[in-house]
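Please open the model in the viewer and keep the selection tool at hand.

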Amino acid sequence: MKLSQFKFNLPKELIAQYPTADRDECRLMVINRATGNIEERVFKEVLSFFDEGDMMVFNDTLVFPARLNGNKEKTGAQIEVFLLRELNEDNKLWDVLVEPARKIRIGNKLYFGEDESLVAEVIDNTTSRGRTLRFLYDGSHEEFKESLFRLGMTPLPAYINRKPEESDAERYQTIFARREGAVVAPAAGAHFSRELLKRMEIKGVEQAFITVHSGLGNFREIDVEDLTKHRMDSEEIEVSQELVDRVNATKDNGHKICAVGTSVLRGIASAVSMGGHMKTYSGWTNKFIFPPYEFTVTDALITNFHLPYSTMLMMTAAFGGYDLIMSAYETAIKEDYKFGAYGDAMLII
């Protein structure tokens with residue numbers, strides 16, 4: 001497959017800038033791979049496509065407030081810092097991106113907060129835009145993280161063309177998020193309300209969790225036409241023995257496994273073993289999935305509508321079939337479906 005095959009014309013007004021008022025009230029496009037049939041539902045009707053004993057696998061990563069506004073020492077120049085990941089807890093080292101990058105050098109100090117109470121020193125230039133910061137803080141690690149995150153803002157994607165608001169801290173997050181580490185929300189899981197999860201429980205549709213700490217590599221521009229030459233940024237994943245046992249038992253009993261989001265689809269594919277089973281996995285994955293690809297564990301996928309050229313679109317096309325998914329996207333544009341993290345959802349069965 002070529003990068004240019006994932007180009008399509010997306011009107012800007014179809015990129016959702018805010019979520020629906022209620023999590024489970026967005027539109028749901030249901031695509032049947034066997035028949036090619038496409039139908040429209042409301043997301044809270046998603047359970048009608050699953051039976052007792054089927055399983056949905058969710059990503060329980062928790063998005064932290066990764067955007068910080070600071071000022072450079074002496075000049076006072078405004079600097080935006082995007083926290084990527086903590087490198088060393090004891091030394092308070094963080095891998096970050098800075099804008100504008102050209103204004104920052106090793107040894108520069110950055111000040112955060114109205115009282116400039118939080119200070120960081122640039123100690124390394126790791127990439128053309130990336131930096132390593134050491135935060136200068138005398139308190140405990142818990143107090144430091146509390147102070148850091150109090151100053152941070154929700155890391156909305158760049159295509160959401162507004163400043164983060166207070167409500168984004170809750171809505172750019174799933175209700176079951178518990179393991180801190182992501183800067184990109186598992187958006188498909190954010191459509192699940194407490195009421196919908198309760199209805200799942202009553203119906204007997206199983207809930208299971210994988211951890212995939214999604215990073216900015218999901219949005220990094222692909223600069224090669226030949227997709228086999230693209231290298232994904234690595235993401236940390238955790239596939240527990242409990243998840244493996246439950247998924248394998250579900251498969252052995254003839255029931256369906258539904259991946260809730262492309263991060264889950266990728267996480268499961270990174271932990272596949274023989275015979276359509278999973279194995280435990282703890283570490284990093286840079287697995288890049290694009291058509292054609294054979295999925296042996298996942299039987300259904302819930303995902304949002306993704307932007308042109310995105311790796312998430314490529315994964316969706318790999319699962320649903322390139323022609324069918326691109327045709328569905330044409331329909332979505334004609335029918336004014338909303339795209340992006342705050343947009344509408346698609347179920348592929």
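The stops below begin with the overall fold and then turn to salt bridges.

This is a predicted model, in which local features need pLDDT of at least 70, side-chain atom pairs count only at pLDDT 80 or more, and totals for chains, interfaces and linings use all residues. Residues are numbered from 1 along each chain as its sequence is written, and side-chain values use heavy atoms, with hydrogens and water left out.

The C-alpha trace spans about 65 × 45 × 40 Å along its principal axes.

Next, select Glu 25 and Lys 44, whose side chains form a salt bridge at 2.8 Å, N to O (a side-chain nitrogen of Lys or Arg within 4 Å of a carboxyl oxygen of Asp or Glu). Glu 25 precedes strand 1 (27-31) and Lys 44 lies in the loop between strand 2 (38-42) and strand 3 (55-59), so the pair ties together parts 19 residues apart in sequence.

Move to Arg 134 and Glu 121, where the closest N and O atoms are 3.1 Å apart. Arg 134 belongs to strand 10 (residues 130-136) and Glu 121 to strand 9 (residues 118-124). Is Glu 121 buried or exposed? With a relative accessible area of 18%, Glu 121 is buried (under 20%; exposed is over 50%, partly exposed in between, with a 1.4 Å probe and protein chains only).

Finally, select Glu 39, Arg 41 and Glu 45, which a network of salt bridges links.

Note on methods
Helix = DSSP H or I, 4+ residues; strand = E, 2+ residues; numbered from the N terminus.
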